[in-house]
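Let's take a walk through this fold, from the sheet to the helices and on to the aromatic rings. Have the viewer open as you read.

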Amino acid sequence: VNLPTANVIGRLPGSSSPAREQIIIGAHMDHLGWGTTSSLAPGAHEVHNGADDNASGVAVLLELADALAKLPAEQRTHDLVFVAFGAEEMGLLGSAHLVANMSAEDKARTLAMINFDMVGRLRQESLIVNGTGTAAEWPGLLEPLAGGLALNSVPDGWGPSDHSSFYGEGMPVLHLFTGSHEDYHRPSDDLPAINVAGAAAVGEFAGRVVIALLDRCDPLTFVK
């Protein structure tokens, strides 16, 4: 059975013209439905709600978009592009489609891509941040913004989530991730296990990162 899907995109325009850049902020909105072959509960014909993977990421994406929309327009110097990706679970199809249809100009003016995937199980205030080696400036920029979070930095920009589509085309990326767990890709990944306050803390950290990027006039230094 072939079914249609789509990326859902919202854009807050920046105020610095004409040479403004853009920050792409994303999270995948699909999960496994009744299971699919990706389920880790073989034989279980049950709805896989995907509360952590990745309703948590979409919730943070939406809350962050709402918060950043309330900034004074002049403080949003760069364009902010919010994307809920389709078909991530089938092989990053939504993000790959978006990147394939970006112009060379759009790729060049992308300051960074920030990806939320599984941010609902924060434990011991430890946040995994993948992609910290994809821009020379990331380590010095991120640590002062950590707040009460302990950042577990992973330099690699590749990984099984949508940020990889952007890193492969030369854009600095970050993937915020609170870690795997025994409910991953199972029907038990449901709302009662979500650490709501932890997800909010991840969103607040990401908001501080975005505001720091809005203060930049120069692009980040991409590291291959």
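Axes here are lines fitted to C-alpha atoms, for helices over the stretch in contact, and angles run from 0 to 180 degrees between N-to-C directions. Keep in mind that this is a predicted model.

## The sheet and what lies on it

With those angles in hand, take helix 6: it runs at about 180° to strand 4 and lies across strand 2, strand 3, strand 4, strand 5 (126-130), strand 6 and strand 7.

The sheet itself is open, with seven strands in the order 1-3-2-4-7-5-6 and mixed pairing. Strand 1 and strand 6 (150-154) are its edges, each pairing on one side only. On average, neighbouring strands are turned by 20° against each other, ignoring direction. Strand 4 and strand 7 (residues 173-177) pair in the parallel sense, over four bridges, and N115 stands opposite H175 in strand 7.

Helix 1 also packs on the sheet, where it touches strand 1, strand 2, strand 3 and strand 4. The direction of helix 1 makes about 150° with that of strand 2.

## Helix 1

## Helix 2

Helix 2 (residues 93-100) buries G94, S95, L98 and V99. Looking down the helix axis, these buried residues fall within an arc of 130°, so they line one face.

The buried residues pack against strand 1 (8-12), strand 3 (79-85), helix 3 (104-108) and helix 5 (163-167).

## Aromatic pairs

The whole structure holds three aromatic pairs. In one of them, the rings of F85 and F166 have centres 6.1 Å apart and planes at 55°, so the pair is tilted. F85 is buried at 0% relative accessible area, and F166 counts as buried at 0% relative accessibility.

Y167 and F222 make another tilted pair, with ring centres 5.4 Å apart and planes at 50°. Y167 counts as buried at 9% relative accessibility, whereas F222 is partly exposed at 31%. W158, Y167 and F222 form one aromatic cluster.

Key: Residues numbered from 1 in each chain as written. Predicted model: local features only at pLDDT ≥ 70, side-chain atom pairs only at ≥ 80, totals over all residues. Heavy atoms only, no water. Buried < 20%, exposed > 50% of the residue type's maximum accessible area, 1.4 Å probe, protein only. Helix = DSSP H or I, 4+ residues; strand = E, 2+ residues; numbered from the N terminus. Arc of directions from axis to C-beta. Contact = heavy atoms within 4.5 Å. Pairing = 2+ DSSP bridges. Phe/Tyr/Trp six-rings, centres within 6.5 Å; stacked < 30°, edge-to-face > 60°.
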